[in-house]
Amino acid sequence: MTPTAITRKWHTTAEVAVMLGFGLSKTKMLVLTGEIRSVKIGRNRRILPPWVDEYVNRCAQGSTERWSA
């Protein structure tokens, strides 16, 4: 039997904070306000990688709109 590498499907709020370069408090606030989508599993929040990408893309889109003349 060949070993298979399991890739992570979920990120914790703390991991997303590190990825975005934000503090944990700011990231938790973004999750609680729904700016970053998440799912609650038991007592924990988990965030799918595409949801982090959605947030980043929305921020980048908003930034582009503000700077266009």
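Biologist: Let's start with histidine 11: buried or exposed?
Modeller: Histidine 11 is buried, with a relative accessible area of 16%. Here, buried means under 20% relative accessible area, exposed means over 50%, and partly exposed is in between (1.4 Å probe, protein chains only).

Biologist: What kind of model are we looking at?
Modeller: This is a predicted model, where local features need pLDDT of at least 70, side-chain atom pairs count only at pLDDT 80 or more, and totals for chains, interfaces and linings use all residues. Residues are numbered from 1 along each chain as its sequence is written, and side-chain values use heavy atoms, with hydrogens and water left out.

Biologist: Back to histidine 11. Where does it sit, and what is it in contact with?
Modeller: Histidine 11 sits in the segment before helix 1. If you skip neighbours within four places in sequence, histidine 11 has contacts with Val16, Met19, Arg45, Arg46, Ile47 and Pro49. A contact means heavy atoms within 4.5 Å.

Biologist: And threonine 13, where is that?
Modeller: Threonine 13 is in helix 1, and at 11% relative accessibility threonine 13 counts as buried. Again leaving out neighbours within four places in sequence, its contacts are Leu24, Thr27, Lys28, Val31, Arg45 and Ile47.

Biologist: What about aromatic pairs, how many turn up?
Modeller: Searching the whole structure gives 2 aromatic pairs. In one of them, tryptophan 10 and tryptophan 51 have ring centres 6.5 Å apart and planes at 70°, so that pair is edge-to-face. Rings of Phe, Tyr and Trp (its six-membered ring) pair if their centres lie within 6.5 Å; planes under 30 degrees apart count as stacked, over 60 as edge-to-face and the rest as tilted.

Biologist: Which parts does that tryptophan pair tie together?
Modeller: Tryptophan 10 is in the segment before helix 1 (13-20) and tryptophan 51 is in helix 3 (residues 49-67), so the pair ties together parts 41 residues apart in sequence. Tryptophan 10 is partly exposed at 33%, while tryptophan 51 is buried at 14%.

Biologist: And how are the rings of phenylalanine 22 and tyrosine 55 arranged?
Modeller: Their centres are 6.5 Å apart and their planes at 80°, so phenylalanine 22 and tyrosine 55 are edge-to-face. Phenylalanine 22 is in the loop between helix 1 and helix 2 (24-32) and tyrosine 55 is in helix 3, so this pair ties together parts 33 residues apart in sequence. Phenylalanine 22 is partly exposed at 28%, but tyrosine 55 is buried at 7%.

Biologist: Overall, what does the C-alpha trace span?
Modeller: About 60 × 30 × 20 Å along the principal axes.

Biologist: Last one: what share of the residues is buried?
Modeller: Buried residues are 20% of the 69 in the protein.

Terms used. Helices (H or I, at least four residues) and strands (E, at least two) are DSSP runs, numbered from the N terminus.
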